[in-house]
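Look at the sequence and the model first.

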Amino acid sequence: MDYATISAIIGWTYFLAWSASFYPQVLLRKASPCVQGLSTDFVVYNIYGFTCYSLYNSAFYWSSEIRKEYRDRNDGHDNLVQVNDVFFGLHALLVSLVTLGQILYYKQQPSKLLKLFTAVTLVIASGILLCITSGWGMWIDLLYFLSYVKLTISIIKYCPQVYLNWKSKSTVGWSIHNIILDFTGGILSIAQLLLDAAVANDWSGITGNPIKLGLGWVSILFDLVFFTQHYILYPDRTDPIRETVADEERPILTNSEHS
């Protein structure tokens, strides 16, 4: 089996793991029509982040102009963006939009901090786009900027969920299956990048695709935090909201007590 086949297997396996990691949360919302336990900010950050990620990967994979600009900057070497990177970003964006639709349906709103962050990001992105289209820099600079926005969002987006779990002292409403799949995808994503760089004998390909390396490590580190919260700090699986509802609906006196 040649290295290209091994790389493809690793790549599509990470695609499946990372893509599947979005569905436990969607199915959890369907089974339990309540958005308590899931940070709205986390989902909205995902949408902004994967929009940037999809634009970055799509351009690096399909645009001949961007590939040429990359070769000009990297001694003729091609970039290491693979087709599975492209489809993962597009799929993640679609599922994140579905999850946001579920949240808005149940009337949970993003925080003021998220709205402020979004406004600032859009202003900066608009400024960079204006500079590039007016003759400053190259299109590849805009794509690198979007990749850094995505990486920043990925670091930030997990924080509201970590805080929410800590505040409620529970991980109920936050699917651990999502984290297991996310952790698997992060490891395989980094493995594919390292394999491609080693075979091509071009380690600049890693620095030339910082978003993939960064996303893998960010996912792994935060997933370790979630594992700690779920299995060590807050092992109780009792849903306090459902328990409260059950107590309110339970009759005050049983039949025997009436007698």
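Q: In this predicted model, which residue forms a salt bridge with Arg71?
A: A salt bridge needs a Lys or Arg side-chain nitrogen within 4 Å of a carboxyl oxygen of Asp or Glu. The closest N and O atoms of the pair that includes Arg71 are 3.0 Å apart, so the distance falls within the cut-off of 4 Å. The partner of Arg71 is Asp78.

Q: Is Arg71 buried, partly exposed or exposed?
A: Buried means under 20% relative accessible area and exposed means over 50%. Arg71 has 30% relative accessibility, so it counts as partly exposed. For Arg71, the class asked for is partly exposed.

Q: How many residues apart in sequence are the parts tied together by Asp141 and Arg73?
A: The side chains of Asp141 and Arg73 meet in a salt bridge, with 2.9 Å from N to O. Asp141 lies in helix H7 (residues 139-168) and Arg73 in helix H4 (residues 64-73), so the pair ties together parts whose separation in sequence is 68 residues.

Q: Which helix holds Asp85, the salt-bridge partner of Lys212?
A: Lys212 and Asp85 meet through their side chains at 3.1 Å, N to O. The pair links distant parts of the chain, 127 residues apart, with Lys212 in helix H10 and Asp85 in helix H5.

Q: Which residues does Asp223 contact, leaving aside its neighbours within four places in sequence?
A: Asp223 lies in helix H10 (residues 210-233). It is buried, with a relative accessible area of 0%. The C-alpha atoms of Asp223 and Asp182 are separated by 7.4 Å, although the two residues are 41 residues apart along the chain. With those sequence neighbours left aside, the contacts of Asp223 are Ile179, Asp182 and Phe183.

Q: How far apart are the end C-alpha atoms of residues 215-234?
A: An unreviewed UniProt entry lists several spans under "transmembrane region", including residues 43-62 and 215-234. Residues 43-62 are 100% helix, with end C-alpha atoms 28 Å apart. Residues 215-234 are 95% helix and 0% strand, and their end C-alpha atoms are separated by 26 Å.

Conventions
Residues are numbered from 1 along each chain as its sequence is written. This is a predicted model: local features need pLDDT of at least 70, side-chain atom pairs count only at pLDDT 80 or more; totals for chains, interfaces and linings use all residues. Side-chain values use heavy atoms; hydrogens and water are left out. Helices (H or I, at least four residues) and strands (E, at least two) are DSSP runs, numbered from the N terminus. Buried means under 20% relative accessible area, exposed over 50%, partly exposed in between (1.4 Å probe, protein chains only). Contact means heavy atoms within 4.5 Å. UniProt positions are given in the numbering used here, feature names are shortened, and annotations may be inferred rather than shown by experiment.
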